[in-house]
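Try each task before reading its solution.

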Amino acid sequence: MTDSPYDESASLRDLAVRAGRWTLRGAAIGVAVSLALLVVTSPKGATDTSFALGALVLGFGVFAWATAIGLGETLDGVRNRLDVSSAWTEAGAREAFFVLSWLGAGWAFAAALTSIALGV
């Protein structure tokens with residue numbers, strides 16, 4: 001089995017485990033960014049900014065993932081027709097934006113929890 005979350009043989013459990021790993025990594029980033037921003041701003045400003053950045057990553061990931069699914073075959077056809085040598089694949093794009101989406105979700109969630117922990 002490959003590491004791609006879109007492998008045909010990947011089970012729902014495997015996808016959930018991969019999503020969980022990326023969510024935890026995003027959560028670590030969310031806490032780290034929130035705490036790092038405490039140096040330059042108030043606790044509310046730090047957690048609000050960290051949440052906004054996480055939500056931005058999540059939103060971009062979901063938007064790009066949907067685009068890769070909706071236009072993947074079209075983009076692949078254009079790439080082949082123009083004979084452009086590129087390592088881009090529809091599956092690779094879906095995988096990349098799967099990662100960004102779950103990373104952003106963990107980041108935003110952890111920033112919100114950090115806000116609660118800091119009492120703001």
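**Exercise 1. An aromatic pair**

Decide whether Phe60 is buried, partly exposed or exposed, then describe its ring partner.

Solution. Start with accessibility. This is a predicted model, and in it Phe60 has a relative accessibility of 47%. Buried requires under 20% and exposed over 50%. Phe60 is therefore partly exposed.

Next, look for rings. The count comes to one aromatic pair. Its members are Phe60 and Phe97, with ring centres 5.9 Å apart and planes at 85 degrees. Planes over 60 degrees apart count as edge-to-face, so this pair is edge-to-face.

Now place the partners. Phe60 sits in helix 2 and Phe97 in helix 3 (residues 90-117), so the pair ties together parts 37 residues apart in sequence. Finally, check Phe97: its relative accessible area is 18%, so Phe97 is buried.

**Exercise 2. A salt bridge**

Find which residue forms a salt bridge with Lys44, and explain how the two are placed in their helix.

Solution. A search of the whole structure gives one salt bridge. Lys44 pairs with Asp48, and the closest N and O atoms are 2.9 Å apart. Both lie in helix 2 (residues 43-81). They are four residues apart, so about one helical turn separates them. Asp48 is partly exposed, at 39% relative accessible area.

**Exercise 3. Two helices crossing**

Describe how helix 1 meets helix 2.

Solution. Take the axes. Those of helix 1 (residues 12-37) and helix 2 come within 8 Å and cross at roughly 145 degrees. The crossing is right-handed. Then sort the contact by class: four residues are nonpolar, five are polar and none is charged.

Conventions
Residues are numbered from 1 along each chain as its sequence is written. This is a predicted model: local features need pLDDT of at least 70, side-chain atom pairs count only at pLDDT 80 or more; totals for chains, interfaces and linings use all residues. Side-chain values use heavy atoms; hydrogens and water are left out. A salt bridge is a side-chain nitrogen of Lys or Arg within 4 Å of a carboxyl oxygen of Asp or Glu. Buried means under 20% relative accessible area, exposed over 50%, partly exposed in between (1.4 Å probe, protein chains only). Axes are lines fitted to C-alpha atoms, for helices over the stretch in contact, and angles run from 0 to 180 degrees between N-to-C directions. A crossing is left-handed if the near helix is turned anticlockwise from the far one by less than a right angle, and right-handed if clockwise. Ala, Val, Leu, Ile, Met, Phe, Trp, Tyr, Cys and Pro count as nonpolar, Asp, Glu, Lys and Arg as charged, and the others, Gly among them, as polar. Rings of Phe, Tyr and Trp (its six-membered ring) pair if their centres lie within 6.5 Å; planes under 30 degrees apart count as stacked, over 60 as edge-to-face and the rest as tilted.
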